[in-house]
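Subject: Structure for your review

Dear colleague,

Please find below the structure that I am handing over to you.

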Amino acid sequence: MYIRRTHRPSRPLRTSGVLLAAAALLISGCSSGSSTTATATSTSTADAVLAALPSSTPSTLARYYGQKLNWRPCGVSGFECATMKAPLDYAKPATGDVRLAVARKKATGPGKRLGSLMVNPGGPGGSAVGYLQQYAGIGYPAEVRARYDMVAVDPRGVARSEPVECLTGRQMDTFTQTDTTPDDKKETGQLVDAYKKFADGCGRHSPVLLRHVSTVEAARDMDILRAVLGDQKLTYVGASYGTFLGATYAGLFPQRVGRMVLDGAMDPQLTARKLNEDQTAGFETAFQSFAKDCVRHSGCPLGGAGTSPEQVGKNLKAFFQQLDKAPIPAGDADGRKLGEALATTGVIAAMYDEAAWPQLREALTAAMKEKDGAGLLALSDSYYERDADGKYANLMFANAAVNCLDLPAAFATPDQVEKALPAFEKASPVFGEGLAWASLNCAYWPVKPTGEPHHIPAKGAAPILVVGTTRDPATPYPWAQSLASQLSSGTLLTYVGDGHTAYGRGNACIDSAIDRYLLQGTPPPKGKRCS
């Protein structure tokens, strides 16, 4: 299904996700190396608990915890880069290493240095190093950057850290255009074939690594980096899937948690199907907000003043159906046209950030009134991280690899999807059908899942700040409420508003509360709400 990574305030729009490539959903549960003990049904939450690892470091990992990083300039002014080693398989550390890309920007002062602040933008599959260099290391509040070394590590299988590879650019073009609202058995078969080809490509190109890109393993890698940096505790800001990664770290190493912000929170206790259903409803909530805003503007292509959000949705759905029958030109150098699949992705891309709504209105106007699909195609390409040369980042490959390893598939067969369609379409009349079929991807994955849904109490951890946005499309607000209640030291900070994640989006109430926590260690009072 769709994945989420937090926004990057610098444009172009960066929402990062994929319809076909992430069927297990944006995030997932516990993986190899975990201590969960029970398996949930396909629709229920879990009773399993993520247990803490022993507080002492095993002797078999001593060489990793004791390594020295060779910092060097890395082409971006003010930043240093290094390569860190971690065991490919924590159960058998002698069998080989995985090399992880690390970057940092040292504290600028003034003021006493507080240690390292590790950041992760989510995904799974988002490059933390890229996020650090393009935003966090230069865009986080000056007071925070003055006191902390800003640090990031690309998780295993992601971007610069031995990336998972699956398909060529041309193959991805075909994949992203596959119809995800099949009208008959033939189109259903074509969709299944697309999923199988994607999965087979990942299995061929990354056969060994594919078994070792779980969230638990990535969290354990973070603890090695914490130690190598010389920090007694981990200070961390994670967004979207990064909240699941951070919460997993807290569950495994509660005594090593420092100041931890989890923004746009995931709920680790949910099954893949439940996660997909909830997120489908989240996109519908975001779309309703967009619909109300659109009709307030003259020229909204989906309806005039006073048009109900429900009718706006019907108008958009009708447009999608037209594109399903007759794609329109998009001015693409590689000959792609705008069909239903790419148009849907383009619309969903703009749901992550209300600042993108004007861009979406313009794109829809051009497509619906002028038969020009270039604007929606640009939104879709930004979402998929496809560049002008037709090359794709490894975001979608890593996303599917992590999701399909972390949780059992939401659905095993097309018949199961068809039975679930009413529930998904109830959650979102506009997006439900496509998002239900998108949840089938992991059924054909070449590696069996190693994780399951679970609670994360992280008993003994220092106060952890969980941030939720009430109309977040990708990580619905109830997930933040649930995670904050699971964590024994969780405190919920609420942003009443639109968009995905809250920190750094211009709300002074949210930003000041998080900054105060990072700089002073004092979380906001329980129940604090900002708007």
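Predicted model: local features only at pLDDT ≥ 70, side-chain atom pairs only at ≥ 80, totals over all residues.

I begin with helix 8, which covers residues 272-294 and has 23 residues. From its first C-alpha to its last it reaches 32 Å, close to the 33 Å expected at 1.5 Å a residue. The helix is mostly covered, with 18 of its 23 residues buried.

A search of the whole structure gives 19 salt bridges.

Arginine 273 is paired with glutamate 277 in a salt bridge whose closest N and O atoms are 2.8 Å apart. Because these two residues lie four residues apart in helix 8, about one helical turn separates arginine 273 from glutamate 277. Arginine 273 and glutamate 277 are both buried.

Lysine 274 forms a salt bridge with aspartate 278, and here the closest N and O atoms are 3.1 Å apart. Lysine 274 and aspartate 278 are also four residues apart in helix 8, so about one helical turn lies between them. Aspartate 278, at 18% relative accessibility, counts as buried, since the cut-off for buried is under 20%.

Aspartate 293 forms a salt bridge with arginine 361, with 3.3 Å between the closest N and O atoms. This pair links distant parts of the chain: aspartate 293 belongs to helix 8 and arginine 361 to helix 11 (residues 357-370), 68 residues apart. Aspartate 293 is buried at a relative accessible area of 17%, and arginine 361 is buried at 15%.

Elsewhere, salt bridges that share partners join Asp173, Asp334 and Arg386 into one network.

Disulfides

A disulfide is a covalent bond between the sulfur atoms of two cysteines. The count for this model comes to five disulfides. With the bonded cysteines counted along the chain, the disulfides follow the pattern 1-2, 3-4, 5-6, 7-8, 9-10.

Cysteine 74 is joined to cysteine 81, with an S to S distance of 2.3 Å. This link is right-handed, with 65° about the S-S bond. Cysteine 74 is partly exposed, its relative accessible area being 25%, whereas cysteine 81 counts as buried at 10% relative accessibility.

Cysteine 294 and cysteine 300 form a disulfide in which the sulfur atoms are 2.0 Å apart. The link of cysteine 294 and cysteine 300 is right-handed, with 105° about the S-S bond. Cysteine 294 is buried, with a relative accessible area of 0%, and cysteine 300 is buried, with a value of 8%.

Cysteine 509 is joined to cysteine 530, S to S 2.0 Å. Is this link left-handed or right-handed? At -60° about the S-S bond, the link of cysteine 509 and cysteine 530 is left-handed. The pair connects distant parts of the chain, with cysteine 509 in helix 17 (residues 508-520) and cysteine 530 in strand 14 (residues 529-530), 21 residues apart. Cysteine 509 counts as partly exposed at 25% relative accessibility, while cysteine 530 is buried, with a relative accessible area of 2%.

Strand 12 and its partners

Strand 12 (residues 464-471) is mostly covered, with six of its eight residues buried. Which strands pair with strand 12? Strand 9 (residues 257-263) runs parallel to strand 12 and is joined to it by four bridges. Opposite aspartate 263 stands valine 467 in strand 12.

Strand 13 (residues 490-498) also pairs with strand 12 in the parallel sense, over seven bridges. Arginine 471 has aspartate 498, in strand 13, as its bridge partner. Between strand 12 and strand 13 the chain crosses through helix 16 (residues 477-486), and this β-α-β crossover is right-handed.

With kind regards,

A colleague

Methods: Residues numbered from 1 in each chain as written. Heavy atoms only, no water. Expected span 1.5 Å × (residues − 1). Buried < 20%, exposed > 50% of the residue type's maximum accessible area, 1.4 Å probe, protein only. Salt bridge = Lys/Arg side-chain N within 4 Å of Asp/Glu carboxyl O. Disulfide = S-S within 2.5 Å. Pairing = 2+ DSSP bridges. Right-handed = clockwise from strand over helix to strand, strands pointing away.
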